[in-house]
Structure formats: C-alpha cells, structure tokens
Amino acid sequence: MSEKYPIIAITGSSGAGTSSVTRTFENIFRREKVQAATIEGDSFHRFDRQQMKAQQAEAEAAGNKHFSHFGLDTNCLEDLEGLFKSFSETGQGLRRRYLHNAEEAAPYQQEPGTFTPWEALPEGSELLFYEGLHGAVKTDALNLAQYPDLLIGVVPVINLEWIQKLYRDKNMRGYSAEAVTDTILRRMPDYVHYICSQFSHTHVNFQRVPMVDTSNPFIAREIPTADESMVVIRFAQPKGIDFQYLLSMINGSFMSRANTLVVPGGKMELAMQLIFTPFIWRMMERRRAALGLY
C-alpha cells in the first residue's frame, strides 16, 4: 500500500462483470478529476492468441486438459507484481494492451489477439487502476494482494457467471455453445485454486444473485437483468462504513449481516458511487499530504 501512489484493483473471472465496475470507476475518476493509469489484466497474459492456441494444443497432447488463462503459468504475474511494486514506490511502471478485436487493433495496425509494445505509464498518473483475473493473487511465490489500497472482488453466483460468459462469447465473439462449455470445464481447476481464493483477500466483494431460475445456465437464452437481481456487498472491515447513510440512500436495501449490505441489482452502480467516492477522496487527500501538495 502507498499513500503517495495508491492502487485500486478489481478482480474477478471472465464473465463476472468486472468491466461494468470499471466503467463506474471511470465515471468517478472523471468527475473527481483523478488522473488514473488503467491496467488491463489481459495485457499480462504470457501468450498472444495464436501462441495460446498452440500452447493449449501442446498441453492437451501431453495429457493436460486444464490449461487456461486462469492459471499462473499462462500469465506474467511476476511482471504484474513488479508493476504494482514499482508504482507504489515511484508512481512509474510499464504497461501494454491486449487487442481483443479488429476495432481495438485497427489504430495500432496489428492483428487482433496481439499485444501492443510496452510503454511507460502516463506522466502525472496519480493512481493505478487494475481490472482483471489476478489482482489479489497470493501464493508462496507471489503476493499481489499486498499492494492495492483498495481491492474489490466481483463474483456473481456461478450459474449467472456462466450465463454471462455464454451469452457474451456466443453473441459477441461468435463461439459455439460447445466451445464455451469446453472453456468453462477446462478452466475449472484453476478457477477453484486461483480465482476463488482471491476473494478472501479483497476489501469489498460484490456478488450479483439472480431472482429468477438459472438452474441450467447452458440453455438460458438471455442474461437475467439487473432488475431481476439483488447484489450482496460484503465489507471485510466494516469499521468506518456508514451503513445507515447507505440504507437511507438506496431504496430497497437491507443488512443481511453486520458487514453485509444487500441492494437491488439496478442500484449497484449507485451503491458503488456512494461507497467508493469517499474512498477516492481520502486516497487523494492522503496523497496530497504525503507529497506536500497542500
């Protein structure tokens, strides 16, 4: 953690909804005039798209049926930890982008599924913002969870997560249901060992729970809407959280435990704005004080 150069990390698996959380933070940063350097977790994959296909085929030929992006060996997590450490100490570091599709790749005149060259973080970055799979990984060899000043987990119930992934990959990426199902099964061991464990290290977890039947996610034709869901918000350290204020501001909310707030799904962004805007204020105040900018 760093007062001068704070870090916020959003962690969650593919299809969990971390991108929606990122948009909420982008709105906060823009409104509060915070210069945040954004890091995409996909940019720390070890292999580009074609290399990953070749590596996966090689792994399967060797009997490994669980080779996936969720694992540690397929990501440059030592480099990501190095970035977290470097930024927390100096406010500097290197980043690149992973180009998911033709639209993202066009400005760089590269093929989709490739990485842009490494480049320095923008000058004057006040805060590092990470969104990806591994922002809170902690193992015997790695400890990314020690660096972020704010760690947020986004973890919908598993059937909803699968529905979201199936819908996105079939309708937006053109994959077949069978191919997406195969990916889900291949990732399961790494999901259990390296994704779930991170949510024990996060400061706040958001879990969307559908209020409709999702018992067979593999035949669902649409994603349950926000209005068909509730969001469970769990605080690891509830001290300092003004629950009475949140309850008064968010219609339909209630406390299910002493550290857990439940809000209607359609109020999730409002809840995030109310909860995290004061966090950003305090981070920036501490930063200015530590740098003597008052």
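**Entry 1, the ring cluster.** I began with the aromatic side chains and found that ring pairs join Phe25, Phe29, Phe129, Phe206, Phe276 and Phe279 into a cluster. I keep in mind that this is a predicted model. Across the structure I count 13 aromatic pairs. I then looked up Phe29 and Phe129, whose rings form an edge-to-face pair with 5.6 Å from centre to centre and 80° between the planes. This pair links distant parts of the chain, since Phe29 lies in helix H1 (residues 18-32) and Phe129 in strand E5 (residues 127-132), 100 residues apart. I also checked their accessibility, and both Phe29 and Phe129 are buried.

Next I looked up Phe84 and Tyr130, and I call their pair edge-to-face because the planes stand at 85°, where over 60 degrees is the cut-off; the ring centres are 5.8 Å apart. Here too distant parts of the chain are linked, with Phe84 in helix H3 (residues 77-90) and Tyr130 in strand E5, 46 residues apart. Phe84 and Tyr130 are both buried.

Which ring has the charged end of Arg96 over it? I found that the charged end of Arg96 sits over the ring of Phe115, at 3.7 Å from the ring centre. I noted another case at Phe279, a member of the cluster in my opening entry, where the charged end of Arg282 sits over the ring, 5.1 Å from its centre.

Where does H6 bend? I located a bend of about 45° at Arg187, and I noted that a proline, Pro189, follows within four residues. Arg187 is itself one of the buried residues of H6, which also include Val180, Thr183, Ile184, Arg186, Asp190, Tyr191 and Ile195. I looked up what these buried residues pack against, and the partners are helix H2 (49-61) and helix H5 (158-171).

I searched for disulfides and found 0 in the structure. Is Cys76 buried or exposed? With a relative accessible area of 9%, Cys76 falls under the 20% cut-off, and I therefore record Cys76 as buried.

Definitions and conventions:
Residues are numbered from 1 along each chain as its sequence is written. This is a predicted model: local features need pLDDT of at least 70, side-chain atom pairs count only at pLDDT 80 or more; totals for chains, interfaces and linings use all residues. Side-chain values use heavy atoms; hydrogens and water are left out. Rings of Phe, Tyr and Trp (its six-membered ring) pair if their centres lie within 6.5 Å; planes under 30 degrees apart count as stacked, over 60 as edge-to-face and the rest as tilted. Helices (H or I, at least four residues) and strands (E, at least two) are DSSP runs, numbered from the N terminus. Buried means under 20% relative accessible area, exposed over 50%, partly exposed in between (1.4 Å probe, protein chains only). A charge sits over a ring if NZ of Lys or CZ of Arg is within 6 Å of the ring centre and within 35 degrees of the ring normal. The bend at a residue is the angle between axes fitted to the seven residues ending there and the seven starting there. Contact means heavy atoms within 4.5 Å. A disulfide is a pair of cysteine sulfur atoms within 2.5 Å.
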